[in-house]
Amino acid sequence: IGIFVDLNVYNDYEKFFVSLLVSEFSKRGHEISLYVPENMECGFSGAKNTVHLVGKSESSNQAGGLKKIISYVKFGFSRQGWFSQLFLATEKDALDAVIFPFADYRCLRAVQKNNLRDSSVPILFFCSQPGCWFCN
């Protein structure tokens, strides 16, 4: 099982949720592979390996104005690249499923525009925004 983790906003509950997913799937005999952007470090016990995807995850929290817009555009291109690499991983690594633990409407929209939507394995989304209009 592949879990895509882009912990751009790395909160305690996100770390706890990913570690819970990893531990529960590992207990049931699944091999877990974490797929993370190249500049992210995340290690969870029980994960078989960590695959670094090409493309950096950049935070736009400190940016303002035009820099923030440019940062969002760069992030969108990086996200498309990560999803294309995940699509290739579903074939190469023989994944049973791909899990997005913190999907938001931007993530769902990006998958709709990417070849990952045509993957032969199930793609599971856990929405990170309660009451999201896109998911309801």
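Asp104 sits in the loop that runs between strand 4 and helix 3, where helices (H or I, at least four residues) and strands (E, at least two) are DSSP runs numbered from the N terminus. The model is predicted, so that local features need pLDDT of at least 70 and side-chain atom pairs count only at pLDDT 80 or more, while totals for chains, interfaces and linings use all residues. Residues are numbered from 1 along each chain as its sequence is written, and side-chain values use heavy atoms, with hydrogens and water left out.

The protein chain contains three helices and five strands, and these follow one another along the sequence in the pattern β-α-β-β-α-β-α-β. Of the 136 residues in the protein chain, 38% are buried, a term that means under 20% relative accessible area, with exposed standing for over 50% and partly exposed for what lies in between (1.4 Å probe, protein chains only). The protein chain exposes about 8000 Å², of which carbon and sulfur atoms supply 55%; accessible areas come from the Shrake-Rupley method with a 1.4 Å probe, and for residues only the protein chains shown count as cover. Among contacts between residues at least 6 apart in sequence, 61% join residues at least 24 apart, contact being defined as heavy atoms within 4.5 Å.

Two packed helices are described by the angle between their axes and the distance between the axes. Helix 2 (residues 66-92) packs against helix 3 (residues 105-112) at an angle of about 60 degrees, and their axes are 10 Å apart; axes are lines fitted to C-alpha atoms, for helices over the stretch in contact, and angles run from 0 to 180 degrees between N-to-C directions. Helix 2 is therefore oblique to helix 3, since angles under 35 degrees count as roughly parallel, over 145 as roughly antiparallel, 65 to 115 as roughly perpendicular and the rest as oblique. On the side of helix 2 the contact is made by Arg79, Gln80 and Phe83, and on the side of helix 3 by Arg106, Cys107, Ala110 and Val111. These residues divide into four nonpolar, one polar and two charged, with Ala, Val, Leu, Ile, Met, Phe, Trp, Tyr, Cys and Pro counted as nonpolar, Asp, Glu, Lys and Arg as charged, and the others, Gly among them, as polar.

Arg79, in helix 2, counts as buried because its relative accessibility is 13%. Leaving aside neighbours within four places in sequence, Arg79 is in contact with Asp104, Arg106, Cys107 and Ala110. Asp104 also counts as buried, because its relative accessibility is 11%, and Ala103, which lies in strand 4 (residues 98-103), counts as buried at 1% relative accessibility.

Gly55 is found in the loop between strand 3 (47-53) and helix 2, and it counts as buried at 15% relative accessibility. Not counting residues up to four places away in sequence, Gly55 touches Pro37, Glu38, Ser78 and Trp82.

| Pair | Separation along the chain | C-alpha separation |
|---|---|---|
| Ala103 and Phe125 | 22 residues | 5.9 Å |
| Asp104 and Cys127 | 23 residues | 5.6 Å |
| Gly55 and Pro37 | 18 residues | 6.0 Å |
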